[in-house]
Amino acid sequence: MATAIPGDLIELLNDPAATKVLATVDEDGVPHLAVKQSLYVDVAGRLVYTELLESSRSNRNLVRSIWFGKSVSVIVSGAGGRSFQVKGKPVKTHISGPLFRKHYQEIRSLLGDVDVAAVWIIEPQEVIDGSYAARSAEERSRFPFFDHLDRLVKPAAPAA
Amino acid sequence: MANLNLAIKEKRPLSRAEVTEKYPDIPPLVILKADVQRRGVHYSEAALGALDLELHATTGTHIFGARDGKIAARPESFLLRDGSSIITTPTPLELDPYLVDLHEGRPFLFEDGEPVEEVDYWPRPDFYDKTSSSGTLMQNVVSARPQRLNIFPYRYCTFWNNGNGCSFCDIVTQMKKGKEELGIPARLDPLEVKEVVREALLEPGRYAALFLTAGSNVAGKRAFDDEVDYYIEILQRVGELFSVPNIPSQLIGTAFDDGQLERLYRETPLTSYTADIEVLGEELFNRHCPGKAEYIGYKEWKRRLVRAVDIFGPGRVNTGLVAGVELTSPGGYKNEDEALARTLEEAEDLASQGVSTVYIVWSPRPGTAIGDQKNASLEYYVRLAAGLHGLRGKYRLPIGFDDYRRCGNHPDSDLSRLHNF
């Protein structure tokens, strides 16, 4: 089931200064993580990833994912510790046609003489806020036993 | 599972759903592709209405004909979601093809009235509507797949001169239609080919391979010298466009002798070589390919393929099968198990010597000697794909020159996308 990425997180994903990591899984279930700054969110709310190398592990794992319905994850981290994770499924890859051509030209204008193997479309399935503040609040609410007691001690009264 | 068990018990051919369930390691999209190739397609009026002549490639320049025998503006073929192509032919409705119709405004494959999978019509190349300096429409000189430029230098095969053309081939019929109905030159001018390729390469990111094929030409001082000379001339002219001596390219030609292979490799930018043996097994080869048998012979065809590996290198030579003809009458294997075992045995003999084998799904075409027979079951094509793919894994044979992107017509080489060699 597709899910919508909140507007502020789209803003972070589309921020060139944010760090974006694509996590895929190989045939043995071993995660493969790679920084992929080409990731962005399109107008339909889907993740778009431009793969430069046909033989890359990410590309092979994405092929496996689209063939067998497996999920991938994208982690985004921005300024001030903001981070979140999008789980999604690759639903389409463009290797020719207008969208491929657009990305081919854009990437080459940015990076110079590079090739493009494919433009992947990933449909978001779940969005998880990964920042410490959000996760800490969630944990305290859902798992009240997961705290160290010294963190709960009343602050000492200031000396007179 | 219940349906699958019942089908196995009744020994009836498995449906696509049953094959998908039985072979969970084969991607459902590859199974679908093989089934669509096997059964063909029929376009609804709505699907044809969605064909935009400015955006989509339409049929017209095939070297081989359509299953329904017509030349008309229809989608050339289509892309699946995974980036692979389904190269298929319009097929009469009575043969139970998949229907291409619109679903939520987009072209979809339909089976039994249900939408099965979204498809995209192949994008139209920029150069198609331009004309060469001779005034010929460029699409009639060079054609294209989503990532490949096709050059069909001529459209005849001299094996037909004494009636020894292959049993499944309609190249001559198609040549006549192409010449009469579309004005396609029967023989291309190498300089004009260069002119059109130069124009095609102006489209950014569009082409990842150059491809040549034609029929066999026995003429020359040694048999096939004229065919080789002509390929060399075209490849050299096209090669002048590039800054590197070798370019990603494939030639499907006759099984040439050592000297001819050496010339192709040394005198041109060609980087891979294919000589289609069509069917594995000497008796079947003699029956279905009498011209190839007359001039070269089965064992010599195989020897030349192996010799080509010495010249072009491992992973750069293969041979193609028209899969399904090995089961036709008379003379075919008695059942699919036997056909699979014998075919893979021969393919392994080649693979162990560096030659890959790929297949296309045989599409019975009107006007051919076996055009009134049926091709094999879907399960057969899936098992064959898995078997040939497995051989490439066992002998570590890369197939990048004939894969989903650079060709798109082989379910077995689609599977190589997961290989790391």
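Q: Which residues of H6(B) meet H7(B)?
A: On the H6(B) side they are B:Pro190, B:Leu191, B:Val193, B:Lys194 and B:Val197. Their counterparts in H7(B) are B:Glu233, B:Ile234, B:Arg237 and B:Val238. Keep in mind that this is a predicted model.

Q: What classes of residue does that contact have?
A: The contact of H6(B) with H7(B) has six nonpolar and three charged residues, with no polar ones.

Q: And at what angle do H6(B) and H7(B) pack?
A: The angle is about 35°, and the two axes are 8 Å apart. The crossing of H6(B) and H7(B) is right-handed.

Q: Which residues of H6 in chain B are buried?
A: Helix H6 covers residues 190–200 of chain B, and its buried residues are B:Val193, B:Glu195, B:Val196, B:Val197 and B:Ala200.

Q: Nice, strands! What sheet do they form in chain B?
A: S8 and S9 belong to an open sheet of seven strands, in the order S8-S9-S10-S11-S12-S13-S14, with mixed pairing.

Q: Which strands are at the edges?
A: S8 and S14 (356–361) of chain B are the edge strands, and each pairs on one side only.

Q: How do S10 and S11 of chain B run, parallel or antiparallel?
A: S10 (residues 209–213) and S11 (residues 249–252) of chain B run parallel, joined by four bridges. As an example, B:Leu210 has B:Ser249 in S11(B) as its bridge partner.

Q: Where does H13(B) lie on the sheet?
A: H13(B) lies across S13 and S14 of chain B, at about 160° to S14(B). Helix H11 (residues 298–312) of chain B lies across S12 (273–274) and S13 (317–323), running at about 145° to S13(B).

Q: How do the axes of H12 and H13 in chain B cross?
A: The axes of H12 (residues 336–351) and H13 (residues 378–394) of chain B come within 10 Å and cross at roughly 20°. Angles under 35 degrees count as roughly parallel, so H12(B) is roughly parallel to H13(B).

Q: Which residues meet there, between H12(B) and H13(B)?
A: Among them are B:Leu340, B:Leu344 and B:Ala347 in H12(B), and B:Leu384, B:Gly387 and B:Leu388 in H13(B). By class, this contact of H12(B) with H13(B) has eight nonpolar, two polar and four charged residues.

Q: Changing topic: how many residues does each chain give to the contact of A and B?
A: Chain B gives 17 residues and chain A gives 19. The chain B side divides into seven nonpolar, four polar and six charged residues.

Definitions and conventions: Residues are numbered from 1 along each chain as its sequence is written. Chains are lettered from A and ligands numbered from 1 in the order in which they are written. This is a predicted model: local features need pLDDT of at least 70, side-chain atom pairs count only at pLDDT 80 or more; totals for chains, interfaces and linings use all residues. Two residues are in contact if their C-beta atoms, placed from the backbone, lie within 7 Å. Ala, Val, Leu, Ile, Met, Phe, Trp, Tyr, Cys and Pro count as nonpolar, Asp, Glu, Lys and Arg as charged, and the others, Gly among them, as polar. Axes are lines fitted to C-alpha atoms, for helices over the stretch in contact, and angles run from 0 to 180 degrees between N-to-C directions. Helices (H or I, at least four residues) and strands (E, at least two) are DSSP runs, numbered from the N terminus. Angles under 35 degrees count as roughly parallel, over 145 as roughly antiparallel, 65 to 115 as roughly perpendicular and the rest as oblique. A residue is buried if 20 or more other C-beta atoms lie within 10 Å of its own, exposed if 12 or fewer, and partly exposed in between; C-beta atoms are placed from the backbone. Two strands pair if DSSP finds at least two bridges between them. A crossing is left-handed if the near helix is turned anticlockwise from the far one by less than a right angle, and right-handed if clockwise.
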